[in-house]
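Hello,

Here is the structure I said I would pass on. My notes on it follow below.

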Amino acid sequence: MNGIDEFDLQILKYLDADGRMAYSAIATALGVSNTMIHQRINRLMEQGILTGIKPVLDEKRLGYDWGAFTGLSLEKDHDSSRIIAELKKIPEVTECYYITGNYTLYVKIIAKNHEHMRQLLYEKIDNIPGIAKTDSLIELGCAFKRNIIL
């Protein structure tokens, strides 16, 4: 499992439950020193298993009531890096995936309302050179969102 052991998994479970949990609290719970926890977390970060500890924002409470999943067809698939760089400039595009099937990329977009979503789709995303077509599905709510179960 990528050079991680059961001890690492326990640390990750604590951080998944509360990313703000103090290393000392994890150390106490696992019966080891703070230094050991610090070293293990640093190693997990160096290995790229733990990529950071970030807050999980509730988009709806921040005023972003609309979400969409949008498939992007590209004129030329080899332009994907350039198009992804342009998508990264749009803060409301929160996720971007390479996919197979009818589209090259699939993005998650959040917006404050339907007019904001229209502007994002028609005035920003559709105007990125190299995007041939977009196809959106409106999100009606998130049933759940989680990390992989450890």
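The C-alpha centres of domain 1 and domain 2 are 36 Å apart. Domain 1 covers residues 4-45 and domain 2 covers residues 57-137, with bounds that come from an automatic or database domain assignment. This is a predicted model, in which local features need pLDDT of at least 70 and side-chain atom pairs count only at pLDDT 80 or more, while totals for chains, interfaces and linings use all residues. Residues are numbered from 1 along each chain as its sequence is written, and side-chain values use heavy atoms, with hydrogens and water left out.

Next, the pockets. A pocket is an open set of points on a 1 Å grid over the protein atoms alone, where a 1.4 Å probe fits, with protein on both sides within 12 Å along at least five of seven lines; its lining residues have an atom within 4 Å of a point. Grid points are joined across faces, edges and corners, and the volume is the space filled by probe spheres set on the points.

The largest pocket has a volume of about 1300 Å³. It is lined by 33 residues, and Asp16, Lys54, Pro55, Val56 and Asn147 are the closest to its centre. Two elements, α1 (6-17) and β2 (93-98), each give two or more residues to this lining; the largest share, four residues, is that of α1. Helices (H or I, at least four residues) and strands (E, at least two) are DSSP runs, numbered from the N terminus. Domain 1 and domain 2 each supply at least three residues to the lining of the largest pocket.

The second largest pocket holds about 290 Å³ of space. Its lining has 13 residues, and those nearest its centre are Glu59, Lys108, Glu139, Cys142 and Lys145.

Arg40 sits in helix α3 (residues 34-46). Is Arg40 buried or exposed? Arg40 counts as buried because its relative accessibility is 16%, and buried means under 20% relative accessible area (1.4 Å probe, protein chains only). Leaving aside residues up to four places away in sequence, Arg40 touches Asp5, Phe7, Asp8 and Ile11, where contact means heavy atoms within 4.5 Å.

In helix α4 (residues 80-87), the residues Ser80, Ile83, Ile84 and Leu87 are buried. They lie on the same side of α4 because they cover an arc of only 100° around the axis, the arc being that of the directions from the helix axis to the C-beta atoms. The buried residues of α4 pack against β1 (66-74), β2, β3 (105-111), α5 (114-125) and β4 (131-139).

Regards

Methods. Buried means under 20% relative accessible area, exposed over 50%, partly exposed in between (1.4 Å probe, protein chains only).
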